[in-house]
Amino acid sequence: MSFLEVFQYTRQESVIHNLDPRAKLVISICLAGISLMFTDIIPMVLMICFLIPLIAAAKSLKRWATSMRGLLPLLLFIIVFNTLLSTTEYPFSHSIGLSLRLVALMTSFSLFFLTVHPDELSQALIQMGIRFEFAFAMSMAMRYVPTLGQEAYAIMDAQRARGVELDKGNMLKRIRNIVPIIVPLIIVSIRRALSIAESMESRGFGASEKRTYMETLSFRKRDWGVVFISLLGLVILIHFRFFFSLPEWVSWGLPF
Amino acid sequence: MPLVEFVDFSFKYLGSDNLALRKIDLRIDEGEYIVITGPSGCGKTTLCRAINGLVPQFHRGYIAGHVYVDGHDTRESRVAELARVAGLMFQNPANQLVTLNVAKEIAFGPENLGVEPDKIRARVEELIETLHLEHLREKHPHEMSGGQQQMVAMAATLALEPKILVADEPTSNLDPKSAESLLAILSDLNRDGMTLVLVEHRLDLVSRNATRLVLMDKGSIVADGPPRKVLSLPICEEIGIGIPKATQVYKHLKRNGCVLSRVPLTGEELAISVEEACNK
């Protein structure tokens, strides 16, 4: 699952990290939209060549490269099956184009997820009009994922110590083995949820109609610039793609 | 007017057969440092919850009598409002940290109360400095030790600027060293004027600084007074609490006819008393 790493926030000090999350959302969506408009190899290569410097600006090239290496088996799978099953004229060339598109799409979205801290994301949602409770629930989910994981391991160890053989037996047996883990895990989680609720209540959760925020996001000039350029790029490319006949070289492909 | 006053207060949790608190009469004045102790299930936690209104607002059940906190009846005021007066620290630090970094955590309470952002920032910086949390600033709660988590939880509670800090066994998940430093900070806070209610089993660590020791058993208060006085009562052995070693030695000597000049709480005090007795 290492290819998912590219969607995980990494703390860095970079130009991209410092942009407003809303601006980054716009640029990511525009880039993904552009990637979806083409399937040929040349435009996809150009797209990736455009994206890589952006990832480099976010100081995350290494992480991106690891992720892409992790993605390799999936890409090969796409290429093999598409080549065998596709009905297009040059199935291999088409499959290459498709897998490059997947890379471009992932990279476009990773630009957002790599550089937006979950807290910033929830703050952005709040400022976009989502109720605090919902946005906060999301960031709390992120907060408690590792805690829950730890708890699951503790329960697994406890059950092993009592003789439950978790990784033995056939498929059906293994699935049934999940029960002695899941049941205590749910009970523990409900208890924990109550205790968290108690502590949040004691800290005034829901006390005031007018909740304030220590940090609020502010859209600066450069954020507007990014939004403007992204939208302009998107519009221009839509224009060329759908209202012009593209030059020959754009649709160049391998002859098999 | 006392800061907190329990008037003939009884409480039974929904679905339970026994009273968790029985006819509690307790008054807490400003500036006191009260240690509450007693065997498990004696009602200490319920008493803490009653001070900030979690009982009966969050945990429902049968109630008799009243609790007044800074003039508010806890039956009528919401927990969120009482949070401005009484700050509560819980046993499990992980369950108190709900955000992804320290500054946000400290800001969570004041944000809920609608304090202005500038003031929140100032409070956060001040607490990070006074509680020495600078090195934790960017850490995920998951990456901190229990002791560090509890420190952050304390900062988060203090950020509400409560008049009274109630800590329910804050050291039970901590190693001895972290426990000691946490308790030292608590007694510093009390010295600076904070009213403190602390549930604690390790009396050898806290009874020297406490102004009052409250002993609970089966939902009732069975002894209440200065630590030295309460600890010398025979009821301490009857219900089984962690009497400091030095006090145990004192009691043993007393039973054998050797009465020291005062009840010692620490090894040092015991040594001094014994020395005095020998010199006579």
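Across the interface of chain B and chain A, the rule finds 5 salt bridges (a side-chain nitrogen of Lys or Arg within 4 Å of a carboxyl oxygen of Asp or Glu). One of the salt bridges joins the side chains of B:Glu111 and A:Arg211, at 3.1 Å from N to O. The model is predicted, with local features needing pLDDT of at least 70 and side-chain atom pairs counting only at pLDDT 80 or more, whereas totals for chains, interfaces and linings use all residues. Residues are numbered from 1 along each chain as its sequence is written, chains are lettered from A in the order in which they are written, and side-chain values use heavy atoms, without hydrogens and water.

In total, 41 residues of chain B are in contact with 37 residues of chain A, where contact means heavy atoms within 4.5 Å. The area buried between the two chains is about 3,300 Å², and carbon and sulfur atoms give 54% of this area; buried area is the accessible area (1.4 Å probe) that two parts lose on being put together, summed over both. B:Asn95, B:Leu100 and B:Asn112 supply 19% of the area that chain B buries against chain A, more than any other three residues.

Within chain A, helix α1 (residues 21-37) and helix α4 (residues 91-113) have axes that come within 8 Å and cross at roughly 175 degrees. The two helices, α1(A) and α4(A), are therefore roughly antiparallel to each other, a term for angles over 145 degrees. Among the residues that make this contact are A:Leu25 and A:Leu31 of α1(A), and A:Leu105 and A:Phe109 of α4(A).

Conventions. Axes are lines fitted to C-alpha atoms, for helices over the stretch in contact, and angles run from 0 to 180 degrees between N-to-C directions. Helices (H or I, at least four residues) and strands (E, at least two) are DSSP runs, numbered from the N terminus. Angles under 35 degrees count as roughly parallel, over 145 as roughly antiparallel, 65 to 115 as roughly perpendicular and the rest as oblique.
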